[in-house]
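Thanks for coming. I have a few minutes on one model, so please look at the structure as I put it up.

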Protein chains: 4
Amino acid sequence: MHRMVEDGDDVLLYLDRKRKYLIRVRKDEVFHTHKGYLNLNDLVGKSFGTVISSSMDTKFVALKPTIADYLQKIERRTQIMYPKDMALLLVYSNIGSGSVVVEAGTGSGALTSLLAFYVKPDGKVYSYETRPEFIEVAERNLKRLGLYELVVLRRGDVTLGMEESNVNAVVLDMATPWLAVKPAHKALEGGGTLASFSPTIDQTVKTVEVMGDVGFTGIETVECITRRYQVEAGRTRPETLMIAHTGYLTFGRKYSKAV
Amino acid sequence: MHRMVEDGDDVLLYLDRKRKYLIRVRKDEVFHTHKGYLNLNDLVGKSFGTVISSSMDTKFVALKPTIADYLQKIERRTQIMYPKDMALLLVYSNIGSGSVVVEAGTGSGALTSLLAFYVKPDGKVYSYETRPEFIEVAERNLKRLGLYELVVLRRGDVTLGMEESNVNAVVLDMATPWLAVKPAHKALEGGGTLASFSPTIDQTVKTVEVMGDVGFTGIETVECITRRYQVEAGRTRPETLMIAHTGYLTFGRKYSKAV
Amino acid sequence: MHRMVEDGDDVLLYLDRKRKYLIRVRKDEVFHTHKGYLNLNDLVGKSFGTVISSSMDTKFVALKPTIADYLQKIERRTQIMYPKDMALLLVYSNIGSGSVVVEAGTGSGALTSLLAFYVKPDGKVYSYETRPEFIEVAERNLKRLGLYELVVLRRGDVTLGMEESNVNAVVLDMATPWLAVKPAHKALEGGGTLASFSPTIDQTVKTVEVMGDVGFTGIETVECITRRYQVEAGRTRPETLMIAHTGYLTFGRKYSKAV
Amino acid sequence: MHRMVEDGDDVLLYLDRKRKYLIRVRKDEVFHTHKGYLNLNDLVGKSFGTVISSSMDTKFVALKPTIADYLQKIERRTQIMYPKDMALLLVYSNIGSGSVVVEAGTGSGALTSLLAFYVKPDGKVYSYETRPEFIEVAERNLKRLGLYELVVLRRGDVTLGMEESNVNAVVLDMATPWLAVKPAHKALEGGGTLASFSPTIDQTVKTVEVMGDVGFTGIETVECITRRYQVEAGRTRPETLMIAHTGYLTFGRKYSKAV
């Protein structure tokens, strides 16, 4: 099992929750922080989890980036869904190793990356996007994460139709999800899951209505809220500020009306 | 791709959110509901997603059970974690296809099942439990879900040590997680994730304290709250009652103190 | 200061959170509970806060009912607002001693009672209701609480107009609050507060839109959520179930468009 | 009824939620904003609720400050409780017109002001503070709000005892509320309410424990969370960021152990 840091590896240099740096280790390179610089050579051959000291003797932990770390750090032009939302979407949609999923839109590829990570090694994510500049960003991000081969990026508008059929799940993170419900129904296998994420209640209502009309059952809408805590004996309390809302998640499962 | 219902398949008969039945299709058997009976023969050879009518002409949708459906329906002697908690635990811990995970305690095997589902096809879940009666329940459940081969059930007390080493993640859902933090640190690979779930704040504080002492970084505690909505034009609102608390999730990543 | 229990006083017999009984003390009467009976004579002349034992030696505390106790116990035909919502409404609307308030609809008089309690001794609550059977219930409740003289119950439909003018605040708890916004604007003094409570988001959106059109500023919508805790060293945690939603509160202040 | 703006009146100049200015109207004075200046003479003799234009033709609404407006704007050296918390505390403690209340500590007098506003015209608030510099701030604030005559500011440490007896409620907003529980019990009338506000769970647990020991019943701890909404047809959603935690409110009612 590969666990030593090698030239070319991604490493997350962790100082504290607000100060963590995703770098790619290159021989003879130096990484500068406001707490001094680090010789990246010092990392090569060390285990992940090692503590490395900067020139100013600040200690960073060298971590292997998790998929959630990558999601926080990748190049991004849009941002709405958080890992909490993606986690719920994943499990409630039964997306796992081997799943075949259609996604729209790709955006910067954050959710695409998470889906690709979870359908490994034999699944596939077909991701639609109408704006070419986003497709480029997403491609760069997926390649950086080593997940590109699990994804087919399609330039196209899902409201006009999806090329795929018999897919296990369709995942919508777009401004007008209700327009993609009918194409999603067509693309899904019987019993397959449609999941849609929308920031506003208005988008959600429209989507739920079309889902009922088109042939989805078990429709439910949930909001996932995470509350962080300061945990310390004698001073334990929820954090003062919180992300109170990212969006609503709606799920449903395709059925065939004809018996 | 197998999508037709066959003899021996599990099917979720869905009427509405509160009335869904997980059954195993057996030729010539009849399934009785308070809305009439269903001839299971009628399902064989049909696609999942088909609507089937009972003798009283109530329509059920025949769905392929998702991992979340199974978690709701399996034999259970304990119940604290919900799919929402498991979803966060999974993604925040970077557990995916191929991961090697230690879990304690097994309980009825609900979380074990979810972990097994997500480490497919090449990962492994080593799950510890001290109470033999729970190990039996978990084994039955895992076999029912076809996930047993991904799991090693161990009768043993993790506070005394874990047999594994270099595992990607350790997941604790037990009454005294703080006693398992040191063994978890030993079993983890460098940078590996420890995730712990506890209903009370007191358990959480103790666990966080030991994690800091033993050598975990990036320690954070979150609570995952899901809020369900009644979505219907003109009548949209959050549901009146909600599960307000299941537990706190604490995460941290192993580092090696010696530089 | 009157603090001894007298014949004719209301007393809240408190056993625990789920078992508290609002009674009126009558000489020589006996109050029966599933934990035995209490001789009410035993209470007369005692201080509030006294512990009284039933025939089965269960101990009840004799408390003077608070306005919140009354709200929980009064005869009710509708129930949406909780004391938490009323508390926010009160303070955010600047309703206090001496305030003159219009309310619609009266319903069973729960909110009416709270408003009357807080405008004492010189304020007034004009409360409108279209359904005569509710007016009767409200009158009974207000008399029981000794607050009837602070209230004028009006049978009438506020969407057709309010008789009052220059009032400090208008409070709406009705199915179609948006239809009462214009009459409320007319009834309010300059800068006066309109507060509206609605269970659904749709009612709220309509009301906010009309408020903006008619001439309200500082419009804001909030939801008040209370989370109860089980507090006990070693076992502290939020309660499992919670009332997740009662309604949305919208506030705004009248301005005069003409400069 | 006085509703015209007069020389010496407080006015809240409202532009939007983030830009509102509490001023005192002085003849011939000018108020400068980043949107131009306002001649305060223009306000005198106008109704509250009037729109006034600045030199740059920005329109402000002249509102009579509510108690909640004052709480946002007064000179402050500490800040933990929000109007939402004060509102709950008020109603759950049955504090209203005529109530006699002990408070500790005074701090900048924000909660003191709200209590004074609500006990009008015949109640009294006895407020304790150990730090003389805070007493001065509180006195200035109370005088500014015209509430000073309802309050007795006491320099003293409530953990050593309270001078009052038979009070209706005791309200604690201090670092070590558990040390004031016994003195509070002594100062309260039978059945009177103790209310305590604490940011951390640790303070809350200690306070609840002492309350149980000393003789309080009906003890309960709640957290009041307000969620603000952006309400606009087609774009309705909760606001992204929210104050997730201010503190826990604990309530209990005095009883006399001896029967």
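Chain A splits into domain 1, residues 10-65, and domain 2, residues 69-254; the bounds come from an automatic or database domain assignment. Taken over C-alpha atoms, the centres of domain 1 and domain 2 of chain A are 32 Å apart.

This is a predicted model: local features need pLDDT of at least 70 and side-chain atom pairs count only at pLDDT 80 or more, while totals for chains, interfaces and linings use all residues. Residues are numbered from 1 along each chain as its sequence is written, and chains are lettered from A and ligands numbered from 1 in the order in which they are written.

Next, the strands in chain D. An open sheet of four strands runs in the order β2-β1-β6-β5 in chain D, with antiparallel pairing. Strands here are DSSP runs of E, at least two residues, numbered from the N terminus, and two strands pair if DSSP finds at least two bridges between them. At the edges stand β2 (19-24) and β5 (51-53) of chain D, each with a single partner strand, so one side of each has no neighbour in the sheet. From one strand to the next, the twist averages 30°, with axes fitted as lines to C-alpha atoms and angles running from 0 to 180 degrees between N-to-C directions.

Strand β1 (residues 10-16) and strand β6 (residues 59-63) of chain D run antiparallel and are joined by three bridges. Which residue of β6(D) is the bridge partner of L13(D)? That is A62(D).
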